[in-house]
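Please look over the sequence and the model shown here before reading on. The paragraphs that follow lead through its helices and some of its residues.

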Amino acid sequence: MTAPLKHSASVTVDVALGDRAYDIVIGRDVLASLGERVAALRPGVRTAIVTDRTVAKHWLEPTEASLAAAGVPTSRIVVEEGEGSKSYATLTQVSEALIAAKIERNDLVIALGGGVVGDLAGFAAAILRRGVDFVQVPTSLLAQVDSSVGGKTGINSPQGKNLIGAFHQPVLVIADTSVLDTLSPRQFRAGYAEVAKYGILGDEAFFAWLETNHGDIFAGGAGREHAIATSCRAKAGVVSRDERETGERALLNLGHTFGHALEAATGFSDRLFHGEGVSVGMVLAAEFSAQLGMISPDDAARIARHLSAVGLPTRLQDIAGFTQEGLADADALLALMAQDKKVKRGKLTFILLEAVGRAVIANNVEPQPVRDFLQAKLKA
């Protein structure tokens, strides 16, 4: 592992996609540079900021001030906070507001918020006038290390998460780590699950570093920037090699097949944040891998132990309302998994583990062993 970054330094990670390559700028207080960077990237551009009510209270005015200082005109579109905004209704609201703001093909949409806003605004940009470019300004840890990078945009269907969407790469990502200071402890923990994911699926040395240094990350020390930059480099490398998820990129879905089903079962509500679902999902994936003889029980326990140590849920029983109908039912969870985007001809695809730091794609997983595994976990 390299030495942690200093707070005074920013780092730029390149997402190498040829003529669609873009930079991820990571560091404290880099939001102030947004206007200057946008003006240099697109002289004469008009922008529209899409954000949610909570983020707007903290960061909308500083974002507008940065753009104004660089002579970049902008308008604002504010939506409700939460996963419920990843809906057809809110997509219509945002799209119509962008049209009313006269955002044209050579203009920019700016997604200022967490994963919900990034996915929603990015999808609106993808379909507006058959494609308008956008900038990601992620304000949650989860968005900074995962959803803002790679071009996945979309909304939820009542039948499943992210089933309506498009690949649409941003032209710039500004990840200001100082904005994370306004997150609640629960929101920050949820985002940390995606940080840990990069170690679990492909970098055992990074996972070991997290086991030792997670306290500094949560405290806002220099390790925070290092963890974010390491995560972004990992994702940028995968995206540059497999943009459309035809192979390797599927590994980034570790924990998501279980996790998305759990999110759907809890109604995409505050009962289970996305990162919390991923945390439980990664532990389930590790334990299912152990049951199949792919990974040692000790490695599976190591993953659960670390996620539990930082305060993340690791068992189905940790989820609020666990006993409510639809969650404590293996068949209902399996039915939700059958709507997963990775299902092919009715066969489930899972990301499983051979060791900490070595994930593999398991195609054509038969439903019955998964049902039996879930049934056992529900009764545990």
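Helices (H or I, at least four residues) and strands (E, at least two) are DSSP runs, numbered from the N terminus. This is a predicted model, in which local features need pLDDT of at least 70 and side-chain atom pairs count only at pLDDT 80 or more, while totals for chains, interfaces and linings use all residues. Residues are numbered from 1 along each chain as its sequence is written, and side-chain values use heavy atoms, with hydrogens and water left out.

Begin with the record. UniProt positions are given in the numbering used here, feature names are shortened, and annotations may be inferred rather than shown by experiment. An unreviewed UniProt entry places "domain: 3-dehydroquinate synthase N-terminal" at residues 77–189. That span is 34% helix and 30% strand, and its end C-alpha atoms are 28 Å apart.

Glu194 is located in helix H6. Glu194 has 0% relative accessibility, so it counts as buried; buried means under 20% relative accessible area, exposed over 50%, and partly exposed in between (1.4 Å probe, protein chains only). Contact means heavy atoms within 4.5 Å. Not counting residues up to four places away in sequence, Glu194 touches Leu142, Val145, Asp146, His256, His274 and Val278.

How do two helices pack? Two packed helices are described by the angle between their axes and the distance between the axes. Axes are lines fitted to C-alpha atoms, for helices over the stretch in contact, and angles run from 0 to 180 degrees between N-to-C directions. Helix H6 (residues 185–202) packs with helix H8 (residues 222–241) at about 55 degrees, their axes 9 Å apart. H6 is therefore oblique to H8; angles under 35 degrees count as roughly parallel, over 145 as roughly antiparallel, 65 to 115 as roughly perpendicular and the rest as oblique. Phe188, Val195 and Tyr198 of H6 meet Arg224, Ala227, Ser231, Ala234 and Lys235 of H8.

A second pair is helix H10 (residues 274–291) and helix H11 (residues 297–309), packed at about 170 degrees with axes 8 Å apart. H10 is therefore roughly antiparallel to H11. Among the residues making this contact are Met282 and Ala286 of H10 and Ala300 and Leu307 of H11.

In helix H1 (residues 34–41), the residues Leu34, Gly35 and Val38 are buried. Seen down the axis of H1, these buried residues fall within an arc of 95 degrees, so they line one face of the helix; the arc is that of the directions from the helix axis to the C-beta atoms. Glu36 and Ala40 are exposed on the face of H1 turned away from its buried side. The cover over the buried residues of H1 includes strand S3 (47–52) and helix H2 (53–69).

Helix H12 (residues 330–337) has Ala330, Leu333, Leu334 and Met337 buried. Down the axis of H12, its buried residues fall within an arc of 100 degrees, so they line one face. Helix H9 (256–265), strand S10 (348–355) and helix H13 (367–379) are among what covers them.
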